[in-house]
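This briefing is for a reader new to the structure shown below.

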Amino acid sequence: MSPPIIETEALTKRFGSRVAIREVVLSVPAGTCFGFLGPNGAGKTTLIRMLLALARPSAGVARVRGIDVASDPVGALRRVGGMVEEPRFYPYMTGRQNLEAWAAALDADARRRIPAVLAQVGLEARGGERVSRYSLGMRQRLGVARALLSDPELLILDEPSNGLDPAGIAEFRQMIRGLVDREGRTVFISSHLLDEVERICDAVAIVNNGAVMVQGTMRELIEAGETGIEVDCDDVARALGILHGLPGVTGVRTKEGGRLLAMGSTAREAAIGITRALVQAGVGVASVSRYEESLEQRYLEITAGATPSTEGVFPRVAAPPPTGPPMPPPPPPAAR
Ligand SMILES: Nc1ncnc2c1ncn2[C@@H]1O[C@H](COP(=O)(O)OP(=O)(O)OP(=O)(O)O)[C@@H](O)[C@H]1O
Ligand SMILES: [Mg+2]
């Protein structure tokens, strides 16, 4: 794993008695697209504002590119592009003029990059129009273009697909993946759109009530949820006893339609072992399939009120209400 490009230690932000960000420990590896996911009011914008030196932490440290943002914002944010909430522009100026005004505050190359960044966000044909005539989605694109002007190694975007139409979201996704995969940049995006995060991001942190509940790769997040092999067979009672005794099966519960879930590994070998054991015992097997929770199920579980992780590992949070309670193994057959 590459060294972290964003790191926070016990980062905290209070507004009076309200704690908007609570002792957040975050580590974002360079060269990835990292999603910061959480419901409205979770603290996403507040954390991003601290990363971009737009707000001062009440306690703790935020480091970007290894540099403490609060003590050296210029050093930390060199070659970092950001967009927070709805980007603001001079409405009476054109998109291009707005970028020129912004570029003037950056290095000499920034002005030369204007045509390229306008093309990158799909605004090359409309760059000569006043921003007051732009749609919300176009202003959002211009915001991303502005964030790209500094040729950033790190791009921090707060809900960037706000206001984009489905085609715009798909284009945006390709653009972001291109920045990461082809150009080696790091992109940190906040969102409450699960679908978007699932498709764009390599890794995520889920934040709720100001606390990071879990963080890690998408795969780790899914694997920390409930996984197993789902079985549809003709003798649930016998199958229960058999499944309970198999190595690697951590528990068994019933699911809708009378199917059984053998919790644990989803590996092919596990499915083969389960099928073989059932068939050998004379249980008829209709189907055997892998089961894992969707990102949406995981997100809803995690944001429904689990305790936060301070170690950056995935805790196993309360399982969703099962269709049937976990079942104990049946008693051993009475001695004949
Ligand atoms: N300047 C402020 N003064 C007081 N409270 C604030 C301020 N800014 C944010 N908050 C509070 O901090 C909490 C986190 O807000 P924040 O804007 O970071 O949430 P968010 O995750 O970005 O939400 P959304 O998805 O709606 O954009 C909220 O309870 C909000 O009301
Ligand atoms: Mg926000």
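The notes below go through the pockets and then the ligand.

This is a predicted model, in which local features need pLDDT of at least 70, side-chain atom pairs count only at pLDDT 80 or more, and totals for chains, interfaces and linings use all residues. Residues are numbered from 1 along each chain as its sequence is written, chains are lettered from A and ligands numbered from 1 in the order in which they are written, and side-chain values use heavy atoms, with hydrogens and water left out. The space taken by ligand 1 is the second largest pocket.

**Largest pocket**

- The volume of the largest pocket is about 700 Å³. A pocket is an open set of points on a 1 Å grid over the protein atoms alone, where a 1.4 Å probe fits, with protein on both sides within 12 Å along at least five of seven lines; lining residues have an atom within 4 Å of a point. A volume is the space filled by probe spheres set on the points, which are joined across faces, edges and corners.
- Its lining has 22 residues, and Leu52, Val80, Gly81, Gly82 and Trp102 lie nearest the centre.
- Strand S6 (80-83) and helix H6 (136-148) each supply at least two lining residues, and S6 gives the most, with four. Helices (H or I, at least four residues) and strands (E, at least two) are DSSP runs, numbered from the N terminus.
- The lining holds 11 nonpolar, three polar and eight charged residues. Ala, Val, Leu, Ile, Met, Phe, Trp, Tyr, Cys and Pro count as nonpolar, Asp, Glu, Lys and Arg as charged, and the others, Gly among them, as polar.

**Second largest pocket**

- This pocket has a volume of about 250 Å³.
- Of its 17 lining residues, Gly41, Lys44, Thr45, Glu85 and Glu159 lie nearest the centre.
- Strand S2 (18-29) and helix H1 (44-51) each supply at least two residues of the lining.
- Three nonpolar, eight polar and six charged residues make up the lining.

**Ligand 1**

- There are 13 residues around ligand 1 (a heavy atom within 4 Å). Gly41, Gly43, Lys44, Thr45 and Thr46 come nearest.
- H1 provides the largest share of this shell, three residues.
- The shell divides into four nonpolar, six polar and three charged residues.
- Oxygen atoms of ligand 1 lie 2.7 Å from a polar side-chain atom of Thr45 and 2.6 Å from one of Thr46.
- An N or O atom in the side chain of Glu159 is 3.1 Å from an oxygen atom of ligand 1.

Definitions and conventions: Polar contact = N/O pair within 3.5 Å; in protein donor to acceptor, adjacent residues only side chain to side chain. Sits in = over half its atoms within 2 Å of the grid points.
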